[in-house]
Each structure stands twice: as structure tokens, then as C-alpha cells.
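Thanks for asking me to look this one over with you. Please open the sequence and the 3D view side by side, and we can walk through a few spots together.

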Amino acid sequence: MTIVRLGYVAMSMELKNASPSQTMTFTQFQKIKDREVAIRKLERIALKNLDNTFRLLKHNVFKEIHFYRLTSRLIPLANHEELPDWNYIKPLLEKLTEIGEYATKHNIRIDFHPDHFVVVNSPKTEVVKNSLKTLKMHYLLLKGMKIDPTHRCVLHVGGNYKETENSLEQFVDNWMDVPRAIQKMIILENDDTSFTVDDTLY
């Protein structure tokens, strides 16, 4: 028997004032003269996003929804180049654990789908580097939730650059530089415009 488990991405149309994607721009961050105060504000926003994520999960249980795709914007400025020393996981760990335990208890499958700027097959070294930083953030969030990261992050092959074969080979080459733990986290998905199912399977 086939069981279909429907779900949705990030936001509920029914639950009000529950955005898990509240943010803060780096310009806003810079306007706060005390750097530590600015970082604490980032952490408060991230905790609010996690609180709303928890509310959404409770809503899902009530509505018998067992699949939920987390927003990749839970932690504003998490990978910003000007904040390399910010250990954003530490102040969020208790809430992350609470979310993970609740999802596990109620058999809710949760995963991620990173934003479009995560491009593993990019020919630009800096783009690949930043993509790996973002994928690592997703990995750390899942670990913080005590959820096995295996097959929890849906990703497209990347850019086609009008040369399908070369773009696929670029993905294969760059994949060798992806840490094994993050490789295991990723599920590749065709995107219907750049790469077919056959391309993706290749």
C-alpha cells in the first residue's frame, strides 16, 4: 500500500503571526554601534523564528500534516562574511533540540531546500565556497535538532550555463570537494528547466 504524506513549505496560510523567516539585513546590523548588542539582536530574531517553527509544527500535528519543509532563513546573517566568529548554534541549541524531539515524537518528516544561490556546480570558486558554507549551516541545524541529516536537504544540480554536458561534469568535479557528511545529506532533484530527470540521475 502506498502512503502519501502531504506537507508544505515554511509558512501556514492559517496560522497568523508565525513567520519563521524574520530577518535583519547587514545594513541594519551595522547601524547598531555595539557589535555584541547587534549579535544578541540577531539571536533574538533567530529564536523567534524557531519559536514560530515550533508553533507551526504543533499546528501541523493538530491538522495531521506529517511533512514540513523548514525555511533556510531561520538564522539571519548566519554565514555573513563579516561574522565568521559568531557561533550561532550555541544560543539556539535548546530550542533546536526541542523542535527535533517534537518532530520525532509526532513522526513529522522535516527537511530543507536551500535558496537558489546554493550552486554546487558553479565554475566560480567563491560561489561554491559560499554554497558549502550554507549547506554546512543546514547540516548543523539538523544536528542541533538531533535529527539524522541523511537525505534531508533537497538540491538542484545547479546552473546549466547553456552547456548541459559540461555543467553536469562541473557538478561531478565539484562534488569531490563536498565533505562526505554533507554529501549524505543531499537529495538531488531535477528542476524541469535546466536538467531533466535523466541528467540528474547521471
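1. F171 is buried, with a relative accessible area of 8%; buried stands for under 20% relative accessible area, exposed for over 50%, and partly exposed for the range in between, using a 1.4 Å probe and protein chains only. Before going on, keep in mind that this is a predicted model, where local features need pLDDT of at least 70 and side-chain atom pairs count only at pLDDT 80 or more, while totals for chains, interfaces and linings use all residues. Residues are numbered from 1 along each chain as its sequence is written, and side-chain values use heavy atoms, with hydrogens and water left out.

2. Now for the aromatic pairs. How many aromatic pairs does the structure hold? There are 5 of them. Rings of Phe, Tyr and Trp (for Trp, its six-membered ring) pair if their centres lie within 6.5 Å; planes under 30 degrees apart are called stacked, over 60 edge-to-face, and the rest tilted. In one of the pairs, the ring centres of F54 and Y102 are 5.1 Å apart and the planes meet at 80°, so this pair is edge-to-face. The pair links distant parts of the chain, since F54 is in helix 2 (residues 35–62) and Y102 in helix 3 (residues 93–105), 48 residues apart. Helices and strands here are DSSP runs numbered from the N terminus (helices are H or I with at least four residues, strands are E with at least two).

3. How well covered are these two rings? F54 is buried at a relative accessible area of 10%, and Y102 counts as buried at 16%. F54 also has a charged neighbour: K58 lies over its face, 4.6 Å from the ring centre. A charge sits over a ring if NZ of Lys or CZ of Arg is within 6 Å of the ring centre and within 35 degrees of the ring normal.

4. Back to our opening residue. The rings of F171 and W175 have centres 5.4 Å apart and planes at 20°, so they are stacked. F171 and W175 are 4 residues apart in helix 5 (residues 164–175), so about one helical turn separates them. W175 is buried too, with a relative accessible area of 18%.

5. Next, please look at strand 2 (residues 67–70). Both of its faces are covered: F67 and R69 on one side, and Y68 and L70 on the other, are all buried. For R69, the relative accessibility is 15%. Strand 2 pairs with strand 1 (residues 7–9) in the parallel sense over 3 bridges; two strands pair if DSSP finds at least two bridges between them. Which residue of strand 2 is the bridge partner of V9? That partner is R69.

6. Strand 2 has another parallel partner: 4 bridges join it to strand 3 (residues 109–112). Among the bridge partners, L70 goes with F112 in strand 3. Strand 2, helix 3 and strand 3 together make a right-handed β-α-β unit. Right-handed means that, with the strands pointing away from the viewer, the path from the first strand over the helix to the second runs clockwise.

7. The loop between strand 2 and helix 3 holds T71, which counts as buried at 9% relative accessibility. Its side chain joins that of S21 in a polar contact of 3.1 Å. A polar atom of the T71 side chain also lies 3.0 Å from the backbone nitrogen of R73. A polar contact is a pair of N or O atoms within 3.5 Å; within protein, one must be able to donate a hydrogen and the other to accept it, and residues adjacent in sequence count only if both atoms are side-chain atoms.

8. Helix 2 deserves a look from end to end. At its start, a side-chain oxygen of D34 reaches to within 3.0 Å of the backbone nitrogen of E36. After helix 2 comes E64, whose phi is positive, near 60°.

9. Finally, two loop residues. K146 has a positive phi near 60° although it is not glycine; K146 lies in the loop between helix 4 (125–144) and strand 4 (153–156) and counts as exposed at 59% relative accessibility. D192, also not a glycine, has a positive phi of about 70°. D192 is in the loop between strand 5 (186–189) and helix 7 (197–201), and is exposed at 71%.
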